[in-house]
Amino acid sequence: MANDTEGCKIDRIARKRELDDFDQRLLERRNAGASLRDLETYHNRQVLEAAVNEADMETLEGEIENLYRLLTDDDVSAGTRVEAQSRLERNGIDPDAVTDDFVSYQTVRTHLNDCLDVDTTRTTQIDRTSAKNVVFKLLSRTESITVRTIDRLRSSDHLTIGEPEVTLSLRVACTECGEEYTFSRLVDRGRCSCRADDRTAARDDETEA
């Protein structure tokens, strides 16, 4: 059963691979509109990345995604897949152990339904508050990853800088009028000022400014 003392497969893998707050991350992506197949890919890439990090394997930007594709895509030739597996093995990673921890979208659905009480038969709704929470948590995570990456570059003498402080600013522009907003302000307003029914709100904003 999914709720036994050992937990379901995703729970067991999250503990094994030390995927902190993984259920929360799954829920955030589901609430943001991710499909079951999106979550399948996300889970499996996280497993691969955890194995790579544990082995201190150096990777370039985008290489985790490419390695995952080489290990799983039906269009990848057998020789190319073997090369990808050999690269993992040279870095002390057992490719079979990694792929054994991959899951299918059916497993993701079972985990959402049985472990997280998420009904996957209906369309997931999202409100303004949850939308901002999802986006801001992702921004915060990106900031943390950026700081860690800079620290790694500093420690390997590829970058010289004082103690870094990373801040991301997310802005959204309307392609019709060119008006630009912070993500939070746009969500709070509910529409761009070029919408005909929002001209009064736009004038009020100018008066307040």
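Is Arg 154 buried, partly exposed or exposed, and what is its relative accessible area? Arg 154 is partly exposed, at 25%. The cut-offs are under 20% relative accessible area for buried and over 50% for exposed, with partly exposed in between (1.4 Å probe, protein chains only).

1. Basis. This is a predicted model, in which local features need pLDDT of at least 70, side-chain atom pairs count only at pLDDT 80 or more, and totals for chains, interfaces and linings use all residues. Residues are numbered from 1 along each chain as its sequence is written, and side-chain values use heavy atoms, with hydrogens and water left out.

2. Salt bridges overall. Side chains of opposite charge can pair when their charged atoms come close. The rule used here asks for a side-chain nitrogen of Lys or Arg within 4 Å of a carboxyl oxygen of Asp or Glu. The count is eight salt bridges.

3. Asp 151 and Arg 154. These two form a salt bridge, with the closest N and O atoms 3.1 Å apart. Both residues sit in helix α8, three residues apart, about one turn of the helix. Helices here are DSSP runs (H or I, at least four residues), numbered from the N terminus. Asp 151 is partly exposed at 29%. Arg 154 is partly exposed too, at 25%.

4. Glu 58 and Arg 152. Their side chains form a salt bridge at 3.4 Å, N to O. Glu 58 lies in the loop between α3 (36–54) and α4 (63–72), and Arg 152 is in helix α8 (residues 128–155), so the pair ties together parts 94 residues apart in sequence. Glu 58 is exposed, at 57% relative accessibility. Arg 152 is partly exposed, at 48%.

5. Asp 188 and Lys 132. This salt bridge has its closest N and O atoms 2.8 Å apart. The pair links distant parts of the chain: Asp 188 in helix α9 (residues 183–189) and Lys 132 in helix α8, 56 residues apart. Asp 188 is partly exposed at 45%. Lys 132 is buried at 18%.

6. A network. Salt bridges also link Lys 16, Arg 17 and Asp 101.

7. Cysteines. How many disulfides does the structure hold? It holds zero. Cys 8 is in no disulfide; the nearest cysteine sulfur, in Cys 115, is 3.5 Å away. A disulfide would need a pair of cysteine sulfur atoms within 2.5 Å. Cys 8 is buried, at 11% relative accessibility. The sulfur of Cys 177 is 3.5 Å from its closest cysteine sulfur, in Cys 192, which is too far for a bond. Cys 177 is partly exposed, at 37%.

Technical notes
Helices (H or I, at least four residues) and strands (E, at least two) are DSSP runs, numbered from the N terminus.
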